[in-house]
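Welcome! Please take a look at the sequence and the model below, and then let us walk through them together.

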Amino acid sequence: ADTVILMAIYPSLREEKDKYPLNYFLELIHLLHTEYPEADFHFTGSDREHAYVEEIVKHLQQKNISSQNHAGHFSLEKFCRELTTCQIFISCDSGPLHLAAYMGIPTLAIWGPTQYKHFGYDKTSHLVNCSLELPCSPCFIHPYSKPAAACNGNVTCLQSLTPLMLFKQATTLLDEKSTTRRVRLPIGLKLEGSLSLEGQLT
């Protein structure tokens, strides 16, 4: 079966300086495509991000990289179903990242102004945390924080976290050969059937 890589770029998540750079995301995708040419890239997000993500998908499709734009199209149930059948979920700190962590989905988490230890993710085996572990991080701890003050707004923790670093971490998850996976669903949500990593719930 094809490798399904689910990604959340979330261009409207925070101010531009607080997000992983888009050109880095694109370089990461190109690296993953070179290593896993059969991979399908699926992008999630809110409906207001659909047009932005569509431009990314068009760019990738012009490079013959299989990709689909699902921004604004997933209900919670549909998103959880997609999480259970993808080989890896890639995201910065976001609501869907925490959902994937709760469900036990193999996840590549990109950390900058916030940090995984702040959420107790330092001992989560299915979550690969990518962070430079800078002494000034985390600098975004609560709503009144002033992030990136120590680096004068350069957001070094993200700008210096290269796509190659993420790629090497992603391969540790993608090269695992598990054919089954136990997942924990949110309370009140039921997906019928048991999990098959052939891409369907059976």
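Strands are DSSP runs of E with at least two residues, helices are runs of H or I with at least four, and both are numbered from the N terminus.

This is a predicted model, in which local features need pLDDT of at least 70 and side-chain atom pairs count only at pLDDT 80 or more, while totals for chains, interfaces and linings use all residues. Residues are numbered from 1 along each chain as its sequence is written, and side-chain values use heavy atoms, leaving out hydrogens and water.

## The sheet

Six strands form an open sheet with parallel pairing, in the order S3-S2-S1-S4-S5-S6. Two strands pair if DSSP finds at least two bridges between them. At the edges stand S3 (67-69) and S6 (127-130); each has a single partner strand, so one side of each is left without a neighbour in the sheet.

Now back to S5, residues 107-110, which runs parallel to S4 (residues 88-92) and is joined to S4 by 4 bridges. In this pairing, leucine 108 is the bridge partner of isoleucine 90, and isoleucine 110 stands opposite cysteine 92. Another 4 bridges link S5 to S6, again in parallel, with isoleucine 110 facing cysteine 130 of S6.

## Helices around the sheet

Helix H1 (residues 22-35) lies across S1 (4-8), S2 (40-44), S4 and S5, at about 175° to S1. Angles run from 0 to 180 degrees between N-to-C directions, along axes fitted to C-alpha atoms, for helices over the stretch in contact; contact means heavy atoms within 4.5 Å. Helix H2 (residues 50-62) also packs on the sheet, touching S2 and S3.

Several residues of H1 are buried, among them Tyr24, Phe25, Leu28 and Leu32.

## The whole protein

In total there are 6 helices and 8 strands. Of the 202 residues in the protein, 51% are buried.

Conventions: Buried means under 20% relative accessible area, exposed over 50%, partly exposed in between (1.4 Å probe, protein chains only).
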